[in-house]
Amino acid sequence: MASPVAAQAGKLLRRLALRPRLLAPRSQGVQLTSRRWLNLQEYQSKKLMSDNGVRVQRFFVANTASEALEAAKRLNAKEIVLKAQILAGGRGKGVFNSGLKGGVHLTKDPKVVGQLAKQMIGYNLATKQTPKEGVKVNKVMVAEALDISRETYLAILMDRSCNGPVLVGSPQGGVDIEEVAASNPELIFKEQIDIFEGIKDSQAQRMAENLGFLGPLKNQAADQIKKLYNLFLKIDATQVEVNPFGETPEGQVVCFDAKINFDDNAEFRQKDIFAMDDKSENEPIENEAARYDLKYIGLDGNIACFVNGAGLAMATCDIIFLNGGKPANFLDLGGGVKEAQVYQAFKLLTSDPKVEAILVNIFGGIVNCAIIANGITKACRELELKVPLVVRLEVALHGKHGWCMPLRQETENPNRNITHLRKYVIHQNLNQCVPGIFLL
């Protein structure tokens with residue numbers, strides 16, 4: 001049976017969860033709308049490929065309309081493509097608050113490039129993947145437009161089931177690969193690569209043939225595939241996806257568009273690449289969280305989550321959702337958290353005007369709960385917390401069976417004869433700092 005305190009806390013969370021203004025149509029599970037991974041703009045990914053021998057379109061990057069005009073002249077191309085540089089997809093069908101429609105434009109006149117850039121740079125571009133107000137465009141890419149006579153799909157990714165990298169390709173490119181896999185699975189080809197031996201010439205040639213490259217183009221495509229694999233290893237990528245991986249009427253194999261995902265654990269040896277991380281489109285609160293090594297993702301609910309461990313954080317979000325509520329965030333403190341980080345985490349959570357309650361769910365097997373308690377009490381005093389706070393500190397003792405002996409409340413009185421940690425928290429007068437605190 002739940003203790004009176006636990007029952008009271010449960011009622012509080014349910015009341016918040018069921019407020020009419022939050023009763024929006026439900027999705028199947030908690031939706032994380034953003035991720036704090038390395039974000040590179042299109043021109044940055046293409047430069048990485050170009051620097052490693054992968055063939056891409058010739059391009060320049062411009063910060064002003066006059067720079068875009070000069071770049072268009074320098075290209076001296078038959079046709080020019082102008083692309084707004086933001087991280088969101090759907091740019092071609094987006095709309096600027098300047099009135100310009102489309103974040104991707106083709107033209108043969110360099111003067112038009114300058115005119116279009118004037119309506120792009122400094123204005124917000126709204127697409128299906130951006131907030132309603134759109135995202136400010138600070139740069140444009142001015143590139144040579146190439147005709148594509150045929151489009152294919154190519155990706156290199158880490159596959160857990162294969163314990164290493166896998167080459168995936170399809171002769172049907174330019175469309176979502178998931179659609180091809182669903183409608184024509186026979187057109188998906190895979191090559192498992194031994195990470196110690198690397199990609200073999202026979203594998204690259206076989207994939208090029210499966211993609212439909214013939215004659216001299218087959219050798220050219222195989223060479224590009226090997227260079228992409230070398231890039232994949234060199235930069236510690238978890239995925240390099242090229243779509244389309246195409247051929248031109250002039251007989252060239254070109255990587256027209258690419259998406260690169262990086263292993264964030266390799267930051268210590270990929271400092272130059274991670275220094276290019278574009279954080280300008282992140283929410284300010286996410287950038288602030290990153291400063292203190294906190295993994296924070298903003299959501300659209302009103303119950304803030306303060307959790308240690310990504311798995312427990314996800315489970316906490318799901319529990320709130322399954323009980324009719326909506327989490328305001330995903331926050332993972334990690335196992336090596338310090339008191340200052342706890343304080344900063346509370347500061348971030350309370351700065352969100354949507355937050356109407358905070359749920360602390362801590363497992364002591366990977367963190368010292370005294371650190372959490374100290375951070376919470378300091379935050380509650382100095383920040384003058386105004387919203388209800390629900391705290392669950394699960395402490396584990398190292399017994400003969402390992403970390404498996406949780407310290408729990410020993411009597412019906414929540415303020416006496418409880419674990420030393422709970423005594424400590426209450427002796428810090430935490431109850432006086434917060435209008436409504438419940439210790440579970």
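Select R91 to begin: leaving aside neighbours within four places in sequence, R91 is in contact (heavy atoms within 4.5 Å) with E42, K83, A84, Q85, I86, G102, G103, V104, L125 and T127. This is a predicted model, in which local features need pLDDT of at least 70 and side-chain atom pairs count only at pLDDT 80 or more, while totals for chains, interfaces and linings use all residues. Residues are numbered from 1 along each chain as its sequence is written, and side-chain values use heavy atoms, with hydrogens and water left out.

R91 is found in the loop between β2 (80-84) and β3 (95-96), where helices (H or I, at least four residues) and strands (E, at least two) are DSSP runs numbered from the N terminus. With a relative accessible area of 12%, R91 is buried, a word that stands for under 20% relative accessible area, with exposed over 50% and partly exposed in between (1.4 Å probe, protein chains only). Show the side chains of R91 and E42 together, and you will find a polar contact of 2.9 Å between them; such a contact is a pair of N or O atoms within 3.5 Å, and within protein one must be able to donate a hydrogen and the other to accept it, while residues adjacent in sequence count only if both atoms are side-chain atoms.

Next, select Q57, in the loop between α2 (42-51) and β1 (59-62). Q57 is buried, at a relative accessible area of 8%, and its side chain forms a polar contact of 2.8 Å with that of K46. Not counting residues up to four places away in sequence, Q57 touches K46, V81, E144, A145, L146, V254 and F256. The UniProt annotation "binding site", from an unreviewed entry, covers Q57, G90, R91, G92 and L146; UniProt positions are given in the numbering used here, feature names are shortened, and annotations may be inferred rather than shown by experiment.

Now display the strands. An open sheet of 4 strands runs in the order β1-β7-β2-β4 with antiparallel pairing, two strands being paired if DSSP finds at least two bridges between them. β1 and β4 (104-107) stand at the edges, each with a single partner strand, so one side of each is left without a neighbour in the sheet. β2 and β4 pair over 4 bridges in the antiparallel sense, and K83 has V104 in β4 as its bridge partner.

Finally, select C317, which is buried at a relative accessible area of 1%, and then C380, also buried, at 2% relative accessibility.
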